[in-house]
Amino acid sequence: MTIYARISSFPATTRPFTAAATGVMSALLAVLYLGCGGPHGRLVQKTGPQPSTSAAISAGGKDGTTAAAASVARTDSFPVLSAASQLLVKACDNYLAVNPENPKAVEVLTIKGSLFFNNKLYDSARAVYQRIISEHAESNYAFDAIRLIAQSFYEEKRFDEAGTWYKKLSEAAPDGVDKSEALARIAESIFRMAEVLESQSRFKDAAEQYERVALEYPDARIADVSLFNAGLAYEKQAEWSRAILVFQRLMAKYDQSNLLPKTQFRIAKCHEKLMQWDLAADTYLRLTAKFPKDALAPAALYNAGFCFENLEKWPESAATFEKMAQLFPQSDDAADVLFRAGELYGKIKDWESVSRVTRVFSTRFGNDESRIIQALCMDGIALYMRNRNEDAVDRLNNAVETYRKMKNPGTMNAYYAAKALYTIAEIHHTAMNTIALGHSRERYKKQLSDKSDRLEKAVDGYARVIKFNISEWTTRSIFQIGQAYEDFAVGIFSQDRQSGLPLDKQIAFELGIAQAVEKYFIEKAVYFHERNVKLAIQEKIEDKFILQSRQKLTYLPVIAAENYLALVEIARTAQHREQLDGFSLIARKLQLFQKIAPFQERAIALFLKCLELGTTYQEFNEYYQKASESITGISLSVGETYADVVSIARDAPIPDGFDDYERFVYKSKLLKQIEGYENQALENYLKTIKIAEAYKIDDRSVREAKERIGQLLFNRGWCYDLLCINAFNAPPYPHNIDEAEKEEYKARFEEIGLRYQEQAFDIYKNILTLSAQSYAAGDYVTHAYVRLYQNFPDIFGSREEHMTQTAISSGSQWRVQSDSTSQWFSLHFNDSSWYKAQRASILKKQIEGFPGNMPIPMWFGKGTPDTAATYRPYQTVFFRRTFTLDKIPHKATLFLATQGQLNVYVNGEYLLTDSMPSFPSNALSCDLMGKIRVGTNILAVKVTAADKFDRALFPLLLMTVGTDVPLPKPPGFERPLSPEEVRIDRYAFPQLKNFTLQPTEASR
């Protein structure tokens, strides 16, 4: 059912011409041609949109949805004035030009505005109405002008502006019809704006505007419709909880609205979307109880039954379906729900109810040709529910054959023929699951053959159902094919195990099972579940089988992966029984790794499959999370295995009896030999992080991988670094060599030391690069940074500014003149011929506002200031001071004090003027930031003294400048360290067995 709520438009006409206005027309004709012949008599053609058609808000449909749309009409042609109208507009203009103060002028303006408005030239009309409001605010015409401006915006579908002007109208109007009309139009404008936003798919904004109507104008006749549309807009954003709250507000506030049944239906639908089946069922039932005659009542009972079914409340579901068939026997769904009630009663083994429903069904539909297949199908299902499987298959096959023989089978018969086939497949599927596999070879082969035969029959039956192309049976059958393959694989996994097998045979047996499970889970089951999801996306289907198929996409790869991880644990448990050390331990670790590596690789691949499918289909469930956590842990453990090999080899005891030279050679060769394992560890650590990066995983394993990268690389670099220090500071000469040979060895050690030093620094730099990429973290990144800073502080130090203050005050650097020249204040003006500033000779004054001591006063005059009798200070003096900056200061403030008129320029730009009739008690201050620059700057001041005494200028420019100092700031540190903290003799680097400095080396 559909409810239409139509919003009518208020009249869009101007105020009618009064008798006085009619009289004015004659006067207009008298001045019609004044100015018409000149070039300014031409009318400009205005353009504007055509008015939109009225909008209708509808609510209804089988599922209770509402469509709300505004039809926005547009045209390719724009309105123009006719020749007569143009002539009349010109007459209005001429009248107003001749009689601007005439009381009739407002009526002429009204006529002009009406011409524009009625011809849809809204911009021109608004300009006239604005003039009326401005010039004739107290007249009745001003009120009409406000109304028509609002109406013009409304006609152009500029609803925001229309609402603003309608609000002005409501404020201007006295209580009564005009005010009510204005308030109603404000509500309508907001509503129309919401419709426009909704048509642009801006559902959140639309919902907010719809809610505004009910919130700000709750008594508007469209308030309930607005709330309903707001709820629908939230539904379109999948904000189901928000939609429920809005719908509940509607029901509480507008309990007499004819939208209540539909509102309650939408609340139930939203609960369904949230999978809150119990709340949905309860809401549907309350709707049916409160509105039993509403067109939505049958659909509500129908949906309530399926909600109970989703809750697996089979008795409630069956009773609801049976009740729906009783209360609404003429419903198109009556036979189907009665049929479903019989199935559910069979599911709970309520055979009395099954018989009752079957009798009712046969009585009502047994002789109905359109329902004959359904009747046969129900009979077969009733036999199946009573565990008479062979009889059930015969009866169901009879239903299918009857369907095939029909010349023109209807849709209903096709549906139940598909159901009959589905039930046959379900019977084979159930039989397959009952066959357990033993470990006796002959018996196992027979059981596996029977189980495979049942699997083929079940899959074939489900596949035949799909060919009917009935949506419900298609998604259900595709899901069941996937489920059948999964159940078959679970049957293989659950088979009896023979106890006492040797480790190799046990691993081989479990590997065979894991591979079989992977084949049926991934190649078969996942394939069909993904096919189901793709079909759902293509056809926009969403039912419980699609939801279950979505979950299987991540569930099955995880379970298959865990089978391989079980193999890893079997192998590790066996290896832990032996206690080994040294190179024997290395050999056993590598042997174990070679055995378990393929299992770990398959597990990683399957977890990646889970993440790939989960990401593709936005299925971020518990199995996706489990795969995320597991995949990084496994990848990390592979890296740890290689890192353990490196650690064991590096820390293995150096053979006894080696001298310093032999120890140096041994350690050099060892570093080269373990490099391959280090690279393998690094590769797997990086693989862990990159997988995490691709799938937005952030867990303990990822953080550990980043720390391990820093540790692994730093230890490698530190070993080379220590060998370098050894070679430089304490060359390990072989025994029994003379001084000449020592010189030769020393040169070789220096060459080796330089090479090792370069390798170490390259490794440290690589660590910082990886840290910047978020691939390395932790204390070892800090160690690498500190080692680089110790050697290259200017390159790796963080530049910190130390603040110093500099001042520019009085002095001979100021150039002065008593006469100005063009552009005297500009930067490029040549002041080389100007004089040096003189120290002013004035009475001692105390001026506040200067930071610190007052500047020395300056001035300029004839003669020498020291000779008061002959010195003649000028009344006006021009001052210039250039200064150079290497960088922009952090702070720059100019302080000035003088008597009289003051004009200040900075870099040729006028800064300020001020008049001081006497020496002020406080100096002026000006912020020069943004006005000074790097390079040459010019400060220019013109001072005109107020009298012939106390002529002086007190200037002070204070600047705070930063000086860069390189400080150690490791990656991730908020503040720099002090250079003392990272001094070579103070900073503690990690200790590595076999690679610590000898006491003699450390002291040197």
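**Reading strands, rings and buried residues**

Author: Start with a strand pair. Strand 11 (residues 876-885) pairs with strand 16 in the antiparallel sense, over 10 bridges. Keep in mind that this is a predicted model.

Reader: Which residue stands opposite Leu885 in strand 16?

Author: Gly935 of strand 16 stands opposite Leu885. Find that residue pair first, then follow both strands from there.

Reader: Over how many bridges do strand 13 and strand 16 pair?

Author: Strand 13 and strand 16 (residues 935-944) pair over 6 bridges, again in the antiparallel sense. Strand 16 therefore has pairings with both strand 11 and strand 13, by the rule that two strands pair if at least two bridges are found between them. Val906 stands opposite Leu939, and Tyr905 stands opposite Ala940.

Reader: Is strand 13 enclosed or exposed?

Author: Count its buried residues. In strand 13 (residues 900-906), 6 of the 7 residues are buried, so the strand is largely enclosed by the rest of the structure. Across the protein chain, 50% of the 1004 residues count as buried.

Reader: Now the rings. How many aromatic pairs does a search of the whole structure find?

Author: The search finds 49 aromatic pairs. To read one, take two values: the distance between ring centres and the angle between planes. For Trp718 and Phe989 the centres are 4.7 Å apart and the planes are at 35°, so this pair is tilted. The cut-offs explain the label: under 30 degrees counts as stacked, and over 60 as edge-to-face.

Reader: What parts does the pair of Trp718 and Phe989 tie together?

Author: Trp718 lies in helix 28 (residues 700-729). Phe989 lies in the loop between strand 17 (953-967) and helix 32 (999-1003). The pair therefore ties together parts that are 271 residues apart in sequence. Both partners are buried: Trp718 has 8% relative accessibility, and Phe989 has 13%.

Reader: Which residues do ring pairs link into a cluster with Trp718 and Phe989?

Author: The cluster also takes in Phe714, Phe761, Tyr764, Tyr780, Phe792, Phe796 and Tyr987.

Reader: Where do charged ends sit over rings?

Author: Look for a Lys or Arg end above a ring face. The charged end of Arg356 sits over the ring of Tyr345, 5.6 Å from its centre. The charged end of Lys667 sits over the ring of Phe995, at 5.4 Å from the ring centre.

Reader: Next, loops. Is Asn621 buried or exposed?

Author: Compare its accessibility with the cut-off: buried means under 20%. Asn621 has 15% relative accessibility, so it counts as buried. Its place is in the loop between helix 24 (582-616) and helix 25 (622-651).

Reader: What does Asn621 touch?

Author: Leaving out residues up to four places away in sequence, Asn621 touches Gln551 and Thr554. There is also a polar atom of the Asn621 side chain lying 3.0 Å from the backbone nitrogen of Tyr624.

Reader: And where is Ser812 found?

Author: Ser812 is in the loop between strand 4 (798-808) and strand 5 (815-817). Ser812 is partly exposed, with a relative accessible area of 42%. From C-alpha to C-alpha, Ser812 and Arg881 are 9.5 Å apart in space, and they are 69 residues apart in sequence.

Reader: How many helices and strands are in the protein chain?

Author: The protein chain has 32 helices and 17 strands. Among its contacts between residues at least 6 apart in sequence, 70% join residues at least 24 apart. The accessible surface comes to about 49700 Å², and 49% of that belongs to carbon and sulfur atoms.

How values were computed
Residues numbered from 1 in each chain as written. Predicted model: local features only at pLDDT ≥ 70, side-chain atom pairs only at ≥ 80, totals over all residues. Heavy atoms only, no water. Phe/Tyr/Trp six-rings, centres within 6.5 Å; stacked < 30°, edge-to-face > 60°. Helix = DSSP H or I, 4+ residues; strand = E, 2+ residues; numbered from the N terminus. Buried < 20%, exposed > 50% of the residue type's maximum accessible area, 1.4 Å probe, protein only. Lys NZ or Arg CZ within 6 Å of the ring centre and 35° of its normal. Polar contact = N/O pair within 3.5 Å; in protein donor to acceptor, adjacent residues only side chain to side chain. Contact = heavy atoms within 4.5 Å. Areas by Shrake-Rupley, 256 points an atom, 1.4 Å probe, with all protein chains shown as cover.
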